[in-house]
Amino acid sequence: MNATTDAAAGGTVRGRGARRRHLPSRLVLLVVGLFYLLPMLSMARFAFQRIPMYVLDASNVLSKWTAAPLLDAVRQPEFVTAALLSTRLAVLAALVTVVLLVPTLIYAYVVLPAAKPILDTISILPFVVPAIALVVGIAGAFRPIAPWFIASDLSLVPFYVVIALPYTYRSIDNSLAALDLRTLVDAGRSLGASWPRIVWSVVIPNIRAGIATAMLLVATVVLGEFTVASLLLKETLPLYLQYLQGGDPQGAFAVGLALMVVTAALLGAINKTSARRGVTQVAGVM
Amino acid sequence: MVVAPSALKGDPPVGRVPLRTLRRWLPVAPFIGFVGLFLLWPAVVVFRRASERLDAVRAPMIEAITGQFGANFAFSIRLSALTAAIGVVVGTATAVAVARLGNASTTRNLIIGWSAVAANLGGLPLAFAFVAALGKQGLITRLLAEMGIDIVGAGFEIAGFWGIVLAYLYFQFPLMTLVMTPAIEGLRAAWREAAASLGADPRTYWRLVGLPILTPPMVSGFLLLFANAFSAYATAYALSSGGSRLIPVQIRFFLQGNTITGKTNLGYALAGWMIIVMVVTMGGFLLLRRRTERWRA
């Protein structure tokens with residue numbers, strides 16, 4: 001169907017050529033699509049089908065599928081502990097992110113535009129420090145002077161705020177840039193509103209989508225982050241996967257797949273909230 | 001001596017200006033301080049410790065790029081560059097194919113939406129997926145064997161170089177597709193028509209118009225993908241059960257308190273070199289990207 005639209009757009013003279021040239025691009029989409037699909041299907045089969053690979057064939061490929069590995073795994077007390085820790089980290093890191101970014105950025109927009117380029121630059125610095133290098137630095141910096149700090153589970157919060165910063169900063173920055181902040185603030189001031197009141201009842205309602213996106217981004221980072229948690233020995237969900245893999249690989253694969261589905265759903269929600277503003281989330285450097 | 005009093009008299013106005021500036025900057029200080037404490041300070045510590053020689057024969061920063069560790073760095077860079085190069089080609093081809101489908105196409109939106117998800121997948125779950133697909137008991141391994149292609153017998157190992165390359169491509173392809181789609185969809189139909197009306201066939205159009213416009217985003221995409229692969233850790237760690245030669249996996253060994261006699265602080269030096277490589281590639285990426293964006297506007 002798309003071949004015809006393309007040919008029509010190209011005009012009748014180029015019609016045949018366009019259709020011929022279209023074949024390679026269909027082939028690309030097919031191959032890439034299979035590459036995306038097959039590992040997920042393999043994982044789903046391993047996680048949810050109770051048939052060993054060496055007896056699997058065309059006759060039994062649809063039998064003995066079960067959700068039991070996932071249900072058993074999530075009933076383990078270790079899973080509950082890990083899920084609670086990850087949730088706590090996600091909520092705290094999201095709150096810290098918002099408290100840190102929103103007032104700073106509003107202030108930079110309204111009062112101190114000179115600070116904006118500096119803040120922009122700072123916000124992308126986490127890109128140049130890979131998680132594994134960061135954790136080396138954390139150990140070297142905090143272990144000698146504040147061992148109690150990295151011993152605490154919640155010490156991950158500030159690092160997750162920093163790791164998510166390039167994405168969260170852009171999300172809130174974009175939503176503020178779309179507003180005529182000065183006019184809003186002047187209008188509020190002339191009506192006698194105090195600064196906190198303006199921020200709370202004028203600016204924040206206007207950047208709700210950006211704030212929501214930033215919080216979802218933090219949750220995505222917390223759900224996926226393995227490096228720092230692993231090397232600081234914190235039992236978060238990704239670490240639970242590793243623990244489970246030792247004793248119950250099928251359960252670990254099931255939980256892993258579920259984690260990917262949750263991450264995909266979060267990212268889908270993020271794309272939905274940011275799509276209207278035409279923001280492409282180019283992410284990935286984690 | 002005689003000058004001093006007048007200098008003192010001139011002090012207050014000079015001193016007041018910085019004070020006011022300081023007060024104006026005070027509200028942004030928590031943010032800067034936060035990043036300083038939890039990102040910059042650890043990074044500075046990495047370099048400070050990497051420059052302490054202690055009992056080492058050679059400075060750690062030198063030790064980290066010679067001998068066995070130099071070879072491991074070369075291994076990491078080769079793997080990252082290869083996944084970036086394949087990612088650029090396939091990701092761009094996907095973006096071109098997607099752009100042909102037109103804005104309203106369901107397939108297009110499906111692929112773009114999935115790319116935004118897959119570019120962020122990684123870690124242990126991704127490693128699990130590739131073990132399930134291409135491990136010794138993997139589904140694809142088995143399917144290929146049924147077709148008479150014995151990848152295990154041919155020496156393929158999911159924990160080896162090519163196994164890690166394939167797993168990394170799973171997030172490299174979609175990232176490149178995301179980078180290239182706006183650039184390709186920004187190629188205006190008017191340019192193609194103008195070229196055609198001047199007598200250019202499609203091949204000439206791509207050679208003289210399309211490719212020159214797409215080269216900067218492709219180069220910056222390569223740098224981004226390289227940095228992406230170079231800094232990845234969890235997938236490779238899980239695929240290789242911690243045994244990979246990749247630098248991030250090697251660093252773990254030192255971080256767990258292991259030291260090789262005479263090579264103290266080597267872990268810091270490896271981390272330091274990683275940061276240097278990232279600064280160079282991400283710096284290049286951002287510079288190029290800024291230029292492309294200005295040009296497009």
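Helices here are DSSP runs of H or I with at least four residues, and strands are runs of E with at least two, both numbered from the N terminus; axes are lines fitted to C-alpha atoms, for helices over the stretch in contact, and angles run from 0 to 180 degrees between N-to-C directions. Everything on this tour belongs to a predicted model, in which local features need pLDDT of at least 70, side-chain atom pairs count only at pLDDT 80 or more, and totals for chains, interfaces and linings use all residues. Residues are numbered from 1 along each chain as its sequence is written, while chains are lettered from A and ligands numbered from 1 in the order in which they are written.

**Chain A**

Select chain A to begin, where you will find 14 helices and zero strands. Of its 286 residues, 42% count as buried, that is, with 20 or more other C-beta atoms, placed from the backbone, within 10 Å of their own. Two residues are in contact if their C-beta atoms, placed from the backbone, lie within 7 Å; among the contacts in chain A with a separation of 6 or more, 75% join residues 24 or more positions apart.

**Where the chains meet**

Now show both chains together: 71 residues of chain A are in contact with 72 residues of chain B. On the chain A side, select helix 2 (residues 15–48), which gives the largest share, 13 residues. That side of chain A divides into 50 nonpolar, 19 polar and two charged residues, where Ala, Val, Leu, Ile, Met, Phe, Trp, Tyr, Cys and Pro count as nonpolar, Asp, Glu, Lys and Arg as charged, and the others, Gly among them, as polar.

**A helix pair in chain B**

Next select helix 6 (residues 123–134) and helix 8 (residues 161–185) of chain B, which pack at an angle of about 125° with their axes 10 Å apart. Displaying side chains, you can see B:Leu126, B:Ala127, B:Phe130 and B:Leu134 of helix 6 meeting B:Gly163, B:Leu166, B:Ala167 and B:Tyr170 of helix 8. The residues of this contact are seven nonpolar, one polar and no charged.

**Confidence**

Finally, colour chain B by pLDDT, the predictor's confidence in each residue from 0 to 100; its mean is 87, and 89% of its residues reach 70 or more. Confidence in chain B is lowest in helix 1 (residues 3–25), at a mean of 63, and highest in helix 2 (residues 29–50), at 96. The model as a whole scores ipTM 0.86 and pTM 0.87.

Key
Buried ≥ 20, exposed ≤ 12 C-beta atoms within 10 Å, placed from the backbone.
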